[in-house]
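Please keep the sequence and the model in view while reading.

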Amino acid sequence: MPPRILIVEDEAIISGDLNSRLTTMGYEVAGIADNGPEAVRMAKEAKAQALAQAQSQPLVNLVLMDVVLKGPIDGLQTAREIKTDCDLPIIFLTSYSDMQKLNQARVTEPFGYILKPYSERELQVCIEMALYKHRAESKFRKIARWLTAAVASNGDGVIFSDLQGKIVFLNRTAERLTGWSLDDALGRPFFEVFHVTHKGRDQVADDYLDKMFQEGGSIHLAEDWVLKSKNGQDIVIDDTAAPVWTQDEQTIGGVIVFRDATTRVALESGLRHTAALKSLGQLVASLDEVQY
């Protein structure tokens, strides 16, 4: 199925020319609107129809939008509404005289611009690039949502830091253990939020991130490290840290995964106590045998 394109242009001659060129290039024209409200309505109806029919492919794939439109809302406001409600890639059609409008258009994050007059080659290249970019971004957002859900629901605390040691994310478990909300923690120094000291000493793991970035692999804090939460609670933790790389293996930050080790420490203490009592019992028994 060829990509379906919605044309939003208030000049009938230009919209007719676009319709003819797009058809010649193998695209399908999903509709033509000559004003903003009509364009928003058509985009919303196409989205609703696709959802109602459970279609995997949208009925509109891209919008060609004139920056200057007659009517109650211009092309910029129309683009904002369509992007917000329908998540469609938008290419602006403009002339050199519209450059001020074009600068304002950047806030709507369009997928491309075409300056009038334009050739079929320019039009096709811009459309194909916009469609590719939108597919890639949609795929990335979907993966990001999966990863965010996985991290957010993780039973361990997870904190991400940038190369400057500033907090960029922490999940709900990390919020609970550190006492910091995500909103309050964003941009703060890593060890202000993840404040850990060695049990029984004042030693602080302030070289933790530097060591991780230098070694380029996962590292673990030794046992008996205590997380001091924002509310003053001391929590014994187990943790692992690793750098975060881009696809070309450039380090962009680090991730720390940690958990409350209070139960483990208590269990180990209980086992040691039980073992000590058992040893004491064996010693008493052997002494009794010697006496008799």
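**Salt bridges in the model**

Glu 192 has a relative accessible area of 36% and is partly exposed, a class lying between buried (under 20% relative accessible area) and exposed (over 50%), computed with a 1.4 Å probe on protein chains only. This is a predicted model, in which local features need pLDDT of at least 70 and side-chain atom pairs count only at pLDDT 80 or more, while totals for chains, interfaces and linings use all residues. Residues are numbered from 1 along each chain as its sequence is written, and side-chain values use heavy atoms, with hydrogens and water left out.

Glu 192 pairs with Arg 188 in a salt bridge (a side-chain nitrogen of Lys or Arg within 4 Å of a carboxyl oxygen of Asp or Glu), with 3.0 Å between the closest N and O atoms. Arg 188 is also partly exposed, at 32% relative accessibility.

The structure contains 10 salt bridges. One of them joins the side chains of Asp 156 and Arg 259, with an N to O distance of 2.9 Å. Asp 156 belongs to the loop between helix 5 (120–152) and strand 6 (157–162), and Arg 259 to strand 12 (residues 251–260), so this pair ties together parts 103 residues apart in sequence. Helices (H or I, at least four residues) and strands (E, at least two) are DSSP runs numbered from the N terminus. Asp 156 is buried at 16% relative accessibility, whereas Arg 259 is partly exposed at 45%.

A further salt bridge links Asp 234 to Lys 228, with the closest N and O atoms 3.1 Å apart. Finally, a network of salt bridges connects Glu 9, Asp 66 and Lys 116.
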